[in-house]
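Visitor: I would like to go through this structure with you. Could we begin with how its helices are arranged?

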Amino acid sequence: MRNLVTGGAGFIGSNLVERLVADGENVRILDAQIEVAQARWAHTPRVDVIQGDLRDDHAVSRAVEGVDRVFHLGGLTGARASMGESQRWVDANVGGTAVLLENLEKHRITRLIFASSAAIYGGSNGVPLAEHLAPQPLSNYGATKLGAEGLINAWHHGGGGSAVVARLFNVYGPSQQPGRAVAHFLTAASRKRPIPIFGDGRTTRDYLHIRDAVSALMHASVKYVAPWTGTMTVNIGTGQPTALMDLVDLMREITGRSMKVELLTHQAGDPKHVVADIGKASVELGWRPEIALREGIEQTWRSLREQSRR
C-alpha cells in the first residue's frame with residue numbers, strides 16, 4: 001500500500017510514519033518542515049519526503065500522485081494560538097484541505113483518513129462528548145477543523161471517495177514539543193520552573209497517548225476505507241477526564257519534583273471540560289486505548305530525561 005501522510009514531520013504524523021514503515025508500508029511525507037524527517041528517513045527506500053505547503057497546488061499534486069490512501073494531518077494546530085489569527089488558520093486548515101481534495105479528485109484517489117479535533121465540540125459540562133452532538137467550536141482552530149470536515153463530506157457526496165474523520169482528543173507522549181499541557185508541564189518540571197495553569201486548575205481534558213492515537217488511525221484506515229464506501233466520524237480519546245491539578249499531582253508522584261503551580265487568567269478559546277464518548281470507536285473500529293495515563297506520563301518523563309542527557 002502506498003500512503004501519503006500530510007504533516008508527516010509533525011508529532012502525530014511522524015509517529016504514524018514510524019508505524020506504517022514498521023508494518024512494511026510505502027510512505028510519502030508532505031510537510032513544510034522536513035529537515036528532521038529527511039535526516040530520519042534518508043536511508044529508507046520506502047519513504048519519500050516532499051517539502052511543500054498544503055496550499056501549494058503543484059506540491060500537493062506531486063505528493064498525491066500514485067498513492068493509494070491519504071492520512072491528512074497537515075495544517076496549523078492550537079486553540080489558544082489561533083485566537084486573533086482567523087485568516088491564517090482558515091488559509092492553512094480549510095484552504096489547504098480544499099487544495100488536497102481537489103487533487104484527490106484529479107488523481108482519482110478515493111481513500112482518506114482525516115485527523116480532526118475535539119476542538120470542534122467546544123466543551124461540555126463534564127458529559128462525554130458523542131459524535132451526534134452539534135459542534136460549537138470556541139476557537140478559530142476548532143472552527144477551521146470543522147470547516148475541513150465539511151469540505152470532506154462534500155467531497156464524498158460529490159463522488160470523491162470514502163473518508164474517516166477521526167476527532168482526536170488531547171494527544172501526548174514522548175518527543176512532543178512543549179506547548180501542550182503534558183509536554184509543557186514536564187519540561188517545566190525538568191527545569192524546576194513553575195507550572196503555568198490557565199484558570200483554577202479544575203479544567204478537565206481527555207489525555208490520549210500517541211501510540212493509542214496512531215493505533216486508532218490505523219484501525220480506521222484498515223476497517224473503514226476499503227472496500228467500504230462512505231464517510232464516518234469517530235471520537236478518538238480515552239473516555240477518562242483528568243483535571244489539570246490532578247495531572248500535576250500525578251506528575252509530582254512520577255517525577256519527584258515539587259512542581260509549583262502558577263495560576264493564570266482563563267484564556268479565550270479554552271473549553272472548561274472535554275472528555276470523549278468512545279463507544280462508537282469501540283463498536284465500529286474495534287479499537288480501544290491501551291495505555292493508562294500514569295504509564296504514559298512515566299514514558300514521557302523518561303524520554304524527556306534521556307533527551308536532556310544527550
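**Helices and sheet**

Guide: In this predicted model, α7 and α9 are oblique to each other.

Visitor: At what angle do the axes of α7 and α9 cross, and within what distance do they come?

Guide: The axes cross at roughly 45 degrees and come within 11 Å. Helix α7 covers residues 181-190, and helix α9 covers residues 244-255.

Visitor: Is the crossing of α7 and α9 right-handed or left-handed?

Guide: The crossing of α7 and α9 is right-handed.

Visitor: Which residues meet there?

Guide: From α7, the residues are V182, F185 and L186. They meet L244, L247, V248, M251 and T255 in α9. By class, this contact has 7 nonpolar residues, 1 polar residue and no charged residues.

Visitor: Let us turn to the sheet. What is the order of its strands?

Guide: The sheet is open and has 7 strands, in the order β3-β2-β1-β4-β5-β6-β11, with parallel pairing.

Visitor: Which strands stand at the edges?

Guide: The edge strands are β3 (47-51) and β11 (231-236). Each has a single partner strand, so one side of each is left without a neighbour in the sheet.

Visitor: How many degrees are neighbouring strands turned against each other?

Guide: On average the turn is 15 degrees, with direction ignored.

Visitor: How many bridges pair β1 with β2?

Guide: Strand β1 (residues 2-6) and strand β2 (residues 26-31) pair in the parallel sense over 5 bridges. For N3, the bridge partner in β2 is V27.

Visitor: Which helix packs on the sheet and touches β1, β4 and β5?

Guide: That is helix α5 (residues 86-106), whose direction makes about 175 degrees with that of β4 (69-72). Helix α8 (residues 210-223) lies across β4, β5, β6 and β11, and runs at about 150 degrees to β4.

Visitor: And β5, why is it described as largely enclosed by the rest of the structure?

Guide: Of the 7 residues of β5, 6 are buried, so the strand is largely enclosed by the rest of the structure.

Visitor: How many bridges join β5 to β4, and how many to β6?

Guide: There are 3 bridges between β4 and β5, which run parallel. H72 stands opposite F114 in β5. Between β5 and β6, which also run parallel, there are 7 bridges. Here I113 stands opposite V164 in β6.

Methods: Residues numbered from 1 in each chain as written. Predicted model: local features only at pLDDT ≥ 70, side-chain atom pairs only at ≥ 80, totals over all residues. Heavy atoms only, no water. Axes fitted to C-alpha atoms, helices over the stretch in contact; angles between N-to-C directions. Helix = DSSP H or I, 4+ residues; strand = E, 2+ residues; numbered from the N terminus. Parallel < 35°, antiparallel > 145°, perpendicular 65-115°, else oblique. Left-handed = near helix turned anticlockwise from the far one by under 90°. Contact = heavy atoms within 4.5 Å. Nonpolar A, V, L, I, M, F, W, Y, C, P; charged D, E, K, R; others polar. Pairing = 2+ DSSP bridges. Buried < 20%, exposed > 50% of the residue type's maximum accessible area, 1.4 Å probe, protein only.
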